Every structure is written in structure tokens, then in C-alpha cells.
Amino acid sequence: MANVARVLAGLLAAFFIVMGLGFWFRLDQTIASFAVIPDGLLGRASIRADFGGLFFGVGLMSAMAAWRTSRTCALGALLLLAIALTGRLVSLAMDGAAPGGMMPMLVEAAGIAILAWARHVWRAA
């Protein structure tokens, strides 16, 4: 089970690292799927820093978790995803459901579930 958890955490890491790199180096293509419109150069820089940084950070922590079977790194990535999901839930409560808004929430929830399960499995290992 520990190896399955490592593989799943590694796949999660690859997904988030690719997404983070997309925000850094393929900004126009990546933001189109997130319905985000930057306002000038500062807006572009902010999206790269905030979106790219979050995705890349989750990816790096997930990669470190998988590489070292680190419960601490898994918790860090899990908490970042939980904070992002909480922001989406606040938005859902305050603004209502957005078209296409369910898929990002499912991705974040799946990431949380994978990392929580990995932490559980690695505790026993």
C-alpha cells in the first residue's frame, strides 16, 4: 500500500508541477481554462506568482512527500489544497455556483483525499 500511495502522490505532484509551469511559461493558454483575465503586466506577474506559485508549491511538496514518504510534506500539500478548496466553498456560498466550477473542486478534493490516505498509510509503514 505504501508504494501505491507513493505513486499516487507522485502523479499528483506531476500534475500540479505541470500546471504551475503552465502558469509561468504558457500563461495565455493556461489562464483561458481558469477564466482569469490579467490586467496589464502587473496582473500577468500576479497570476504567475500566485497561481503558479500555489500549483508549483503543491507539486513540489507532493513530490517530496512521494520521494521520502514524508507525512510532513504530504500535510503541507494537503493544507494548501484544503485552503484553496475552502476559498472555492466561500465563493460558492457568497456568489453561487460558477459554470465549470465543480471540476477544480473535485481535483482539489481528490488531491486532499490522496494525500490524507498516503499520510495514513505511511504512518503504519
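Trainee: What does glutamate 108 touch, not counting residues up to four places away in sequence?
Mentor: Glutamate 108, which is found in helix α5, touches Leu81, Ala84, Leu85 and Arg88 on that count, where contact means heavy atoms within 4.5 Å. This is a predicted model, in which local features need pLDDT of at least 70 and side-chain atom pairs count only at pLDDT 80 or more, while totals for chains, interfaces and linings use all residues. Residues are numbered from 1 along each chain as its sequence is written, and side-chain values use heavy atoms, with hydrogens and water left out.

Trainee: Why is glutamate 108 called buried?
Mentor: Its relative accessibility is 8%, and buried means under 20% relative accessible area, exposed over 50% and partly exposed in between (1.4 Å probe, protein chains only), so glutamate 108 counts as buried.

Trainee: What makes arginine 88 and glutamate 108 a salt bridge?
Mentor: The closest N and O atoms of the two are 2.9 Å apart, and the term asks for a side-chain nitrogen of Lys or Arg within 4 Å of a carboxyl oxygen of Asp or Glu. Arginine 88 lies in helix α4 and glutamate 108 in helix α5, so the pair ties together parts that are 20 residues apart in sequence; helices here are DSSP runs (H or I, at least four residues), numbered from the N terminus. Arginine 88, at 28% relative accessibility, counts as partly exposed.

Trainee: How many salt bridges does the structure hold?
Mentor: It holds two, and arginine 44 with aspartate 28 is one of them, the closest N and O atoms being 2.8 Å apart. Arginine 44 in helix α3 and aspartate 28 in helix α2 are 16 residues apart, and the pair links distant parts of the chain.

Trainee: Why are arginine 44 and aspartate 28 called partly exposed?
Mentor: Arginine 44 has a relative accessible area of 23% and aspartate 28 is at 48%, so both values fall between the two cut-offs of 20% and 50%.

Trainee: How do you know that α1 is roughly antiparallel to α3?
Mentor: The two pack at an angle of about 160 degrees, with their axes 7 Å apart, the axes being lines fitted to C-alpha atoms over the stretch in contact and the angles running from 0 to 180 degrees between N-to-C directions. Angles over 145 degrees count as roughly antiparallel, under 35 as roughly parallel, 65 to 115 as roughly perpendicular and the rest as oblique, so α1 is roughly antiparallel to α3.
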